[in-house]
Amino acid sequence: MTARLRDHLGLLLRLVLGAVLLLAGGLKVGNPLGAARAVQAYEVLPFELARWVGYALPWVEVVVGLLLVLGLFTRVSAVLGAVLMLAFVIGIGQAWARGLTIDCGCFGGGGQVATDETRYGREIARDLALALCGVWLVLRPASTLSLDRALFGPTKEHA
């Protein structure tokens, strides 16, 4: 694969992961109580800690998503994005394994739903694919139209 093709692929993966994080965080940031309730529905963290995680998580998603879309501090942002996606996979997987019937709360909402309304398999597959976007960007952070390149110059693989 040529460096130019890798750069274009990096741009695509940056935009996909970044846009998903921006959308997910943006939809929740205006409803901090709903985001807190969504985290609490997983029944993993102590109630008060889950509330604070729910308040903070949308802002973390927005910041990481924005950094990825801009291509700024791409490797660090990709690590954070991939870790978030893997945490979501673990959270959804444990809810599924324990028989909880909740909406993941990934794009707002969250909480109890009817058994036939759960989409755990699809949600896990989506988040694993997004985590792989992050892994690619950790290994190959250089991409087209990035602020990293504009501010810090080309990486060693392009020099």
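Q: What relative accessible area does Arg-149 have, and how exposed does that make the residue?

A: Arg-149 comes out at 29%, so Arg-149 is partly exposed. Keep in mind that this is a predicted model, where local features need pLDDT of at least 70 and side-chain atom pairs count only at pLDDT 80 or more, while totals for chains, interfaces and linings use all residues. Residues are numbered from 1 along each chain as its sequence is written, and side-chain values use heavy atoms, with hydrogens and water left out.

Q: Which residue forms a salt bridge with Arg-149?

A: To call something a salt bridge, you look for a side-chain nitrogen of Lys or Arg within 4 Å of a carboxyl oxygen of Asp or Glu. Here the partner is Asp-7, with 2.9 Å from N to O. The two belong to distant parts of the chain: Arg-149 sits in helix H6 and Asp-7 in helix H1, 142 residues apart. Helices (H or I, at least four residues) and strands (E, at least two) are DSSP runs, numbered from the N terminus. Asp-7 has a relative accessible area of 6%, so Asp-7 is buried.

Q: How many salt bridges does the structure hold?

A: There are five. Another one joins the side chains of Arg-98 and Glu-43, at 3.3 Å from N to O. Arg-98 is in the loop between H4 and S1 and Glu-43 is in the loop between H2 and H3, so this pair ties together parts that are 55 residues apart in sequence. Arg-98 is partly exposed, because its relative accessibility is 43%.

Q: How far apart in helix H3 are Arg-51 and Glu-48?

A: Start with the general idea: an α-helix has 3.6 residues a turn, so residues three or four places apart point the same way. Arg-51 and Glu-48 are three residues apart in H3, which means about one helical turn separates them. Their side chains meet in a salt bridge of 2.4 Å, N to O. Arg-51 is partly exposed at 24%, and so is Glu-48 at 41%.

Q: What is the phi of Glu-43?

A: Most residues other than glycine have a negative phi. Glu-43 has a positive one, near 55 degrees. Glu-43 is placed in the loop between helix H2 (32-40) and helix H3 (47-70), and at 45% relative accessibility Glu-43 counts as partly exposed. Leu-145 also has a positive phi near 55 degrees, in the loop between helix H5 (120-139) and helix H6 (147-152). Leu-145 is exposed, because its relative accessible area is 69%.

Q: Where does Gln-94 lie, and what is Gln-94 in contact with?

A: Contact means heavy atoms within 4.5 Å. Gln-94 lies in helix H4 (residues 74-97). If you leave aside its neighbours within four places in sequence, Gln-94 is in contact with Tyr-42 and Val-44. Gln-94 is buried, because its relative accessible area is 18%.

Q: What covers the buried residues of H5?

A: The cover includes helix H1 (3-29), H3, H4 and strand S1 (102-103). Among the buried residues of H5 are Tyr-120, Asp-127 and Leu-137.

Q: Which UniProt annotation covers residues 65-90?

A: UniProt positions are given in the numbering used here, feature names are shortened, and annotations may be inferred rather than shown by experiment. The unreviewed UniProt entry annotates residues 65-90 as "transmembrane region". In the model, residues 65-90 are 88% helix and 0% strand, with the end C-alpha atoms 20 Å apart. The unreviewed entry also gives "domain: Methylamine utilisation protein MauE" for residues 8-139. That span is 75% helix and 3% strand, and its end C-alpha atoms lie 15 Å apart.

Notes: Buried means under 20% relative accessible area, exposed over 50%, partly exposed in between (1.4 Å probe, protein chains only).
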